[in-house]
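Hello,

I am passing a structure on to you, together with some notes on what turned up in it. Please have a look at it first and then read on below.

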Amino acid sequence: MKKFSLFVAAAAVAFGFAACQPKGPSTFSLTVTVSDQGVESPVGLPDSYTVTLTNTSTMASTELETENGEVVFEGLVAGVYDVNASATLVDGGSTFIFSGSSKSVSVLADAEAAVSIAFSKSSALIFKEIYYCGAPGDSYYFRDQFYEIYNQSDATVYADGLCIAETFYANWDFSLFYEWDIANPSDYVFAQTIWQIKGSGTDYPIAPGESIVIAQWAVDHRREDLSKGMSQVDLSGAEFEAVLEESTTWNGIVLTDNAAINMDKAVNATGYNTPQWLTSVGGAAYVIFNPSSPLKNDEFILASNVENTVAAREIAIADILDAVQAGSDETRASTLGLPTVLDAGFQYLGASYLGKSIARKKTGETEDGRPIFQDTNNTTNDFEIFDTPQVRRYDVGVPSWNNWIK
């Protein structure tokens with residue numbers, strides 16, 4: 001998810017463009033070589049790539065376009081930088097995404113970095129809006145979380161079998177990144193909990209321009225007895241909810257079974273059972289995917305670099321339809337867990353319990369009025385922050401089989 005623009009940071013201190021300062025700090029250059037050798041795509045290769053350089057300390061960034069596969073950043077202060085390269089091509093209504101990265105490049109003198117490009121194709125189903133941070137105020141209410149998934153294609157697709165998960169790749173404070181005991185770990189992402197939509201294969205059609213909503217709990221959360229009236233989210237019309245059965249929470253809220261269709265907790269490698277999906281209010285790396293083989297809820301993959309047992313289920317990158325990285329603040333930029341081919345950026349809200357959501361940018365409409373959303377595998381550029389979450393923002397369609405929505 002990438003935006004083509006040329007931006008040079010105005011803050012000279014942040015990026016060290018101090019060549020005109022007679023007594024300023026020493027500055028250096030970084031030459032970035034972008035290689036797409038060996039990449040095969042049905043639409044050919046881009047003529048150039050947008051290279052984004054980010055100082056991991058200040059988070060200041062600048063972008064330049066490659067010429068003959070190379071770009072040179074001048075006037076850099078000593079530091080550590082992340083390099084991302086990306087481009088998109090559009091053909092026949094599909095978006096083809098080319099991206100790569102080189103992380104934690106040390107610039108203590110004139111330096112070089114190489115970026116290898118990988119190729120992917122935008123899927124029909126994409127995340128459209130994600131609300132994870134919880135309701136504002138001191139109620140610490142988070143049962144109103146939801147994930148909206150939109151059909152951006154020109155054909156009807158089916159939600160049957162679709163899976164959603166938060167990826168799992170590090171310990172709670174990101175001081176340790178897990179190494180998984182599996183061949184070719186770079187071909188996978190990993191999750192401890194996976195929820196799946198049940199169905200025979202054609203039970204839940206999603207027409208072009210329609211969306212489905214996956215709710216943690218599909219009720220009207222604006223109720224005083226739930227969020228003290230602080231939530232602005234009504235999920236009573238959601239298509240699916242991640243609730244297995246009626247239960248009572250630690251603070252006395254009764255999680256009822258509602259009109260929304262119950263999802264199946266297809267994988268649980270956590271070692272404990274909960275009757276609902278508890279997602280992080282600080283954000284996470286989210287994926288939706290169609291598994292190419294039946295999911296196994298046993299024989300989990302183990303982390304090899306920890307003493308205690310840490311288990312997860314592998315998810316083939318080739319099976320993933322869309323991925324989004326979100327966090328609580330800018331410090332999470334250095335602890336992201338998805339490969340660049342899935343997501344080259346991330347979005348953050350600044351804190352939890354703000355009542356805000358992240359939503360994909362609308363870039364236009366089709367001839368018949370369906371919204372078109374930006375999808376270039378870079379959450380930083382594809383998503384914007386909204387002060388109020390809104391289910392089916394931009395008046396997207398509701399599936400015909402949802403007969404309980406008001």
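**Around N268**

Leaving aside neighbours within four places in sequence, N268 is in contact with Q192, T193, N273, N297 and F300. Please keep in mind that this is a predicted model. N268 belongs to strand β20, which covers residues 264–268. Is N268 buried or exposed? Its relative accessibility is 13%, and because the limit for buried is under 20%, N268 counts as buried. Its side chain has polar partners too: one polar contact, of 2.6 Å, goes to the side chain of T270, and another, of 2.9 Å, goes to the side chain of N273.

In soluble globular proteins, nonpolar side chains tend to be buried together. Here, the largest nonpolar core has 47 residues, and the members that touch the most others are F127, I164, I212 and F240. Several strands each supply at least two residues of this core: β9 (125–131), β10 (146–151), β15 (211–215), β21 (285–289) and β24 (320–327). Another core lies apart from it, with 24 residues, including V77, V83, V107 and I117.

**The aromatic rings**

How many aromatic pairs are there? The count comes to 21. One of them is formed by Y140 and Y353, an edge-to-face pair with 5.2 Å from centre to centre and 90° between the planes. Y140 lies in the loop between β9 and β10, and Y353 in the loop between β25 (347–348) and β26 (357–360), so this pair ties together parts that are 213 residues apart in sequence. Y140 has a relative accessibility of 53% and counts as exposed.

Y188 and F190 make a further pair: their ring centres are 6.4 Å apart and their planes meet at 50°, so the pair is tilted. Y188 counts as partly exposed, at 26% relative accessibility, whereas F190 counts as buried, at 6%. Both rings belong to a cluster in which ring pairs link F168, Y178, W180, Y188 and F190.

There is also a charge over a ring to look at: the charged end of R393 sits over the ring of F386, 3.7 Å from the ring centre.

Enjoy exploring it!

Best wishes

Key: Residues are numbered from 1 along each chain as its sequence is written. This is a predicted model: local features need pLDDT of at least 70, side-chain atom pairs count only at pLDDT 80 or more; totals for chains, interfaces and linings use all residues. Side-chain values use heavy atoms; hydrogens and water are left out. A nonpolar core is a set of buried Ala, Val, Leu, Ile, Met, Phe, Trp, Tyr and Cys residues joined through side-chain atoms within 4.5 Å. Buried means under 20% relative accessible area, exposed over 50%, partly exposed in between (1.4 Å probe, protein chains only). Helices (H or I, at least four residues) and strands (E, at least two) are DSSP runs, numbered from the N terminus. Rings of Phe, Tyr and Trp (its six-membered ring) pair if their centres lie within 6.5 Å; planes under 30 degrees apart count as stacked, over 60 as edge-to-face and the rest as tilted. A charge sits over a ring if NZ of Lys or CZ of Arg is within 6 Å of the ring centre and within 35 degrees of the ring normal. A polar contact is a pair of N or O atoms within 3.5 Å; within protein, one must be able to donate a hydrogen and the other to accept it, and residues adjacent in sequence count only if both atoms are side-chain atoms. Contact means heavy atoms within 4.5 Å.
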